[in-house]
Amino acid sequence: MVRRGLLLTAVVGAVWLGAYALQPYVERAPTLCTFRLVTGKPCPTCGMTRATCALAHGEWAKAWHYHPLAVPFWVVLVGLLWTHLVLPLRVHTERWRRISLRAFLAVVGIALVWRIGEWIR
Amino acid sequence: MGYYVIAHDGNRYGPADAVTLQQWVREGRIAPNTVLEDEFTGTQIRASLLPELSHLFPQSAPPPPYQAPPTPVAGGGPSSQATTALVLGILGLLCCGLLSVPALIVGKREMERIDQGLAPVEGRGLAQAGYILGIIGLVLLGLGVLYFLLAVSVWQPG
């Protein structure tokens, strides 16, 4: 469990270091989002990469501008990874897996509703 | 302290604490002659001899000649986790590749739970589809990031 915890921490840390290094480039880079390429409209998680890069530099306002849900998204994503990959299989950890999955879906759902609101406007 | 459950095929499940083991006994997943292995010491013991579990087995019942495989849970349709894995897998392909990560993990975990008889077997196809879509989404995301890094390396500021 400790080894898996350290491994997950290292991977998440590497992602954030990468986000820190890529910050100057992502703002003018072409999108990788299939949905946006096809429809021209941003998908529920469009802007998350740029927001993450901004967060890695501590630029909260910029992160909020790119995606207001960047912080809760990362919190629930790391929670989901932790409960599914690090915690051993037990009754009480099963409950935490369900809770973390629902929290993740809730954040993605809110992002979806928010983006649909943007499309309509 | 937890115990691993040694299945008839040699696979180890767990470690599970006493409360979980007792629940598995009540659900018929652990037979009196199922072998349990101490999480820390590696000592193996039959379930019927473990003090925490012995009272749950009927004393008169003879031990079965072999350990039955985990009983698949059937009925009630696929679990919400299996459906979620598939939905996340599709979203990971159509929208942000980041969603492929939870699709892969939730799908894989649900497949394990189904194989252990802890979740409805009807969801296996959905969980597997979510798992595979998650892998495809991650590969595409990786290719996209490679393309992006290549573009960055030849990018001239100004």
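This is a short tour of a two-chain predicted model, going chain by chain and then to the place where they touch.

Some housekeeping: residues are numbered from 1 along each chain as its sequence is written, while chains are lettered from A and ligands numbered from 1 in the order in which they are written. As the model is predicted, local features need pLDDT of at least 70 and side-chain atom pairs count only at pLDDT 80 or more, with totals for chains, interfaces and linings using all residues.

**The two chains**

Let's start with the overall make-up. Helices (H or I, at least four residues) and strands (E, at least two) are DSSP runs, numbered from the N terminus. "Buried" is for a residue with 20 or more other C-beta atoms within 10 Å of its own, "exposed" for 12 or fewer, and "partly exposed" for anything in between, with C-beta atoms placed from the backbone. Two residues are in contact if their C-beta atoms, placed from the backbone, lie within 7 Å.

Reading from the N terminus, chain A goes α-α-α-α-α-α, and chain B goes β-β-α-β-β-α-α-α-α.

**Chain A**

One residue to look up here is Leu6(A), which sits in helix α1 (residues 2-26) of chain A. Leu6(A) counts as exposed because it has 11 C-beta neighbours inside 10 Å. Leu6(A) and Val86(A) are 80 residues apart along the chain, yet their C-alpha atoms are separated by 9.2 Å.

**The sheet in chain B**

Chain B holds an open sheet of four strands in the order β2-β1-β3-β4, with antiparallel pairing. Strands count as paired if DSSP finds at least two bridges between them. At the edges are β2 and β4 (44-46) of chain B, each pairing on one side only. On average, neighbouring strands of this sheet are turned by 30° against each other, direction ignored.

Strand β1 (residues 3-6) of chain B pairs with β2(B) in the antiparallel sense over three bridges, and Ile6(B) stands opposite Arg12(B) in β2(B). Strand β2 (residues 12-16) of chain B is mostly covered, with four of its five residues buried. Further along, strand β3 (residues 35-38) of chain B pairs with β4(B), again antiparallel and over three bridges; there, Val35(B) has Arg46(B) in β4(B) as its bridge partner.

**A helix pair in chain B**

Helix α3 (residues 80-94) and helix α4 (residues 100-115) of chain B pack at an angle of about 155°, with their axes 8 Å apart. The pair is therefore roughly antiparallel, the term for angles over 145 degrees. Axes are lines fitted to C-alpha atoms, for helices over the stretch in contact, and angles run from 0 to 180 degrees between N-to-C directions. Residues making the contact include Ala85(B) and Leu88(B) of α3(B), and Ala103(B) and Val106(B) of α4(B).

**Where the chains meet**

Here, 21 residues of chain A are in contact with 26 residues of chain B. On the chain A side, the elements giving two or more residues are α2 (34-39), α5 (70-86) and α6 (91-120). That side divides into 17 nonpolar residues, three polar and one charged. Ala, Val, Leu, Ile, Met, Phe, Trp, Tyr, Cys and Pro count as nonpolar, Asp, Glu, Lys and Arg as charged, and the others, Gly among them, as polar.

How values were computed: Angles under 35 degrees count as roughly parallel, over 145 as roughly antiparallel, 65 to 115 as roughly perpendicular and the rest as oblique.
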